[in-house]
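Please open the structure in your viewer and keep the selection tool at hand. The stops below proceed from one selection to the next.

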Amino acid sequence: MEIASNFNFDGIARMGYGWSNPNHAAAVIGCFIPTVWAIEDIYGLGKNRLSAKYLTIAFEMLLLVLMVKTYSRGGMLGLCAAMIFYII
């Protein structure tokens, strides 16, 4: 397994989060985000589930920030495709 190095975007280091390539990290994060959406739909219903909804939204925001830090265009495109599929 090679170490992530020399992955830069305009002089900014792209985060790989332990993966050999930041695009691989973005693919994994991109798979987790729709899962969080599904969990939010299942457990975030009703007034008594408000804490679960806030927790899933916070986790989604964390994953989105991690996704942006990879600077992966393919990961973002995949996330947009998942969003369109999820909405439909």
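Begin with the buried residues of helix H3, which pack against helix H1 (22-43) and H2. The model is a predicted one. Select Gly 75, Leu 79 and Ala 82, the buried residues of H3. They cover an arc of only 60° around the axis, which means that they sit on the same side of H3. An α-helix has 3.6 residues a turn, so residues three or four places apart point the same way.

Which residue caps the N-terminal end of H3? Select Ser 72: a side-chain oxygen of this residue lies 3.0 Å from the backbone nitrogen of Gly 75.

Proceed to Thr 70, which is found in helix H2 (residues 50-70). Is Thr 70 buried or exposed? Thr 70 counts as buried because its relative accessibility is 0%. Display its side chain together with the backbone of Met 67: a polar atom of the Thr 70 side chain lies 2.5 Å from the backbone oxygen of Met 67. Leaving aside neighbours within four places in sequence, Thr 70 is in contact with Arg 14, Met 15, Tyr 17, Pro 22, Ala 25 and Ala 26.

Turn now to the aromatic rings, where the structure holds 2 aromatic pairs. Select Phe 9 and Tyr 71: their ring centres are 5.2 Å apart and their planes stand at 25°, so the pair is stacked. This pair links distant parts of the chain, with Phe 9 in strand E1 (residues 8-9) and Tyr 71 in the loop between H2 and H3, 62 residues apart. Phe 9 is partly exposed, with a relative accessible area of 41%, and Tyr 71 is partly exposed at 31%.

For the last stop, select Trp 37 and Tyr 86. Their rings have centres 5.4 Å apart and planes at 45°, so the pair is tilted. Trp 37 lies in helix H1 and Tyr 86 in helix H3, so the pair ties together parts that are 49 residues apart in sequence. Trp 37 is buried, with a relative accessible area of 9%, whereas Tyr 86 counts as partly exposed at 35% relative accessibility.

Notes
Residues numbered from 1 in each chain as written. Predicted model: local features only at pLDDT ≥ 70, side-chain atom pairs only at ≥ 80, totals over all residues. Heavy atoms only, no water. Helix = DSSP H or I, 4+ residues; strand = E, 2+ residues; numbered from the N terminus. Buried < 20%, exposed > 50% of the residue type's maximum accessible area, 1.4 Å probe, protein only. Polar contact = N/O pair within 3.5 Å; in protein donor to acceptor, adjacent residues only side chain to side chain. Contact = heavy atoms within 4.5 Å. Arc of directions from axis to C-beta. Phe/Tyr/Trp six-rings, centres within 6.5 Å; stacked < 30°, edge-to-face > 60°.
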